[in-house]
Amino acid sequence: MATEVVGSIDQGTQSTRFFLYDKNYNIVAKSQVSLTARTPHAGWVEQDANDIIESVREAVRQTMEQAGGKYKVVSVGLTNQRETTVAWDRETGQPLTPAIVWSDARTAQVCHAMSEKIGGQDGLRKVTGLPVSTYFSAYKLKWMVEHVPAVAEALAAGRLMAGTVDTWVIYNLTGGVKGGVYVTDVTNASRTSLMDVAKRRWCQSTKAAFGFDNLELAEIRSNAEPYGDIVPGFGLDGVPIAGCLGDQQAAVLGQRCAPGEAKNTYGTGCFMLMNTGEEAVPSSHGLLTTMAYQLGPDQPAHYALEGAIADPAESEALAASVPSTGGVYLVPAFGGLLAPWWRDDARGVVVGLTQYSTKAHLVRAMLEAIAFQTLDVLAAMKADSGRKLERLAVDGGATRNDLLMQIQADLIQTSVVRPANQETTSLGAAIAAGVGVGFWNAQEVFKKDAADDAGSSVFEPKISAQAADKRHAKWKLAVQRALALDELADDSDEEV
């Protein structure tokens with residue numbers, strides 16, 4: 001008899017992966033399919049929405065072929081790149097324009113205009129939990145309406161369907177134009193700047209501010225419940241899709257973060273979330289108030305404070321060849337600074353260079369910049385929540401860098417725990433899907449024992465709190481040098 005398993009689609013910026021998890025949370029089969037992005041102009045990042053669907057189809061095919069008929073998939077969960085926005089036609093089911101990726105910065109002017117309209121960068125924060133930023137989906141959709149005639153026409157005619165990647169993937173998996181369900185989950189909806197984060201429903205006044213009064217948005221659902229069955233053509237005929245979370249919230253669930261616990265993912269971006277429990281904690285220190293998870297329509301919702309950082313890197317050997325940065329500080333604000341600064345006028349700077357500075361010092365300064373930015377976010381979380389973090393759970397590709405993990409522990413003066421299983425994002429989606437059909441229950445998911453820590457690596461602080469504070473003070477001086485640099489002249493285009 002085939003062993004029952006849960007499938008997990010991990011649809012990311014650079015690839016789509018499909019995993020099978022058994023009852024003990026072990027991966028029994030997996031595959032990965034690359035996905036490309038285009039940058040047609042400076043600051044633009046976009047993807048073909050149909051390519052996303054084909055990558056899902058191929059990843060499922062490869063994994064099921066590898067599984068060889070030994071497993072029965074009882075449900076499928078989805079986790080996805082957040083904020084990436086898709087617009088398509090209700091009558092044809094086809095995309096009207098390329099998907100705008102979460103890191104795309106083309107909406108800067110849209111954001112500035114919205115800030116003026118609503119009374120500043122925090123004009124929507126009380127309702128949505130979010131500041132005005134190029135990061136969030138509503139600004140991307142508004143740009144599409146203003147710059148892509150096909151999108152504007154579809155909106156005017158009532159044919160426009162739009163959403164984040166989860167909505168697009170679930171719509172296609174369940175039939176597309178032939179009856180596909182039009183849903184999103186609370187975590188992805190909380191990243192649009194259109195959802196009332198406390199009430200977990202679309203805010204009509206906020207929709208009106210964006211000009212979306214008459215736009216029908218996807219139904220908001222919990223993270224763990226059946227949304228619809230997968231149609232033929234994807235290799236999972238009739239299997240229910242029963243779980244969905246944005247990738248960072250999926251990692252929170254995969255790390256089994258209880259209230260007061262936090263995780264940091266070091267990947268394409270660097271994202272730190274603290275579970276604040278059943279209360280949506282407002283931030284006055286530059287963080288995002290967002291959803292953590294809701295494991296069923298009748299279950300309590302858990303909220304989170306989040307800080308996002310950009311562009312981590314792995315360079316352990318070279319950075320470890322020097323004992324310190326030699327006084328060099330690097331602020332990697334290549335596309336502005338995210339939390340807790342939210343300054344799109346920031347630019348990358350290097351300070352403290354001397355004739356003795358080497359490439360190794362610069363690389364080590366890059367690693368320290370990641371850790372310093374995490375420290376900034378953690379300090380803001382402590383100020384907003386009143387909680388002192390006892391340990392930081394970490395995941396993502398850059399966590400393989402032991403030096404970065406040690407620097408992180410030194411600077412935040414807190415234990416950093418790297419689990420043996422780094423696939424916490426896909427695990428979170430699997431857990432949601434399993435809970436959604438009763439394969440697991442939420443109570444047993446959050447029970448932790450010694451086995452959960454088996455194989456984990458723990459990094460403890462090796463410097464004093466005073467030494468960490470001194471280095472942090474110098475970092476903050478470097479950040480000040482990076483601000484308000486967006487209007488520096490580019491001499492390359494000037495006449496000589």
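Buried means under 20% relative accessible area, exposed over 50%, and partly exposed in between, with a 1.4 Å probe and protein chains only. Before going on, a word on the source: this is a predicted model, where local features need pLDDT of at least 70, side-chain atom pairs count only at pLDDT 80 or more, and totals for chains, interfaces and linings use all residues. Residues are numbered from 1 along each chain as its sequence is written, and side-chain values use heavy atoms, leaving out hydrogens and water.

How many disulfides does a search of the whole structure find? The search finds 0, a disulfide being a pair of cysteine sulfur atoms within 2.5 Å. For cysteine 203, the closest cysteine sulfur is in cysteine 111, 18 Å away, so that is too far for a bond. Cysteine 257 is buried too, with a relative accessible area of 2%.

Now, salt bridges. The count comes to 21, where a side-chain nitrogen of Lys or Arg must lie within 4 Å of a carboxyl oxygen of Asp or Glu. In one of them, glutamate 423 meets arginine 17 at 2.9 Å, N to O. These two sit 406 residues apart in the chain, and both are buried. Another joins arginine 471 and glutamate 368, with the closest N and O atoms 2.6 Å apart. Those partners are 103 residues apart. Here arginine 471 is partly exposed at 22%, whereas glutamate 368 is buried at 5%.

Note on methods
Helix = DSSP H or I, 4+ residues; strand = E, 2+ residues; numbered from the N terminus.
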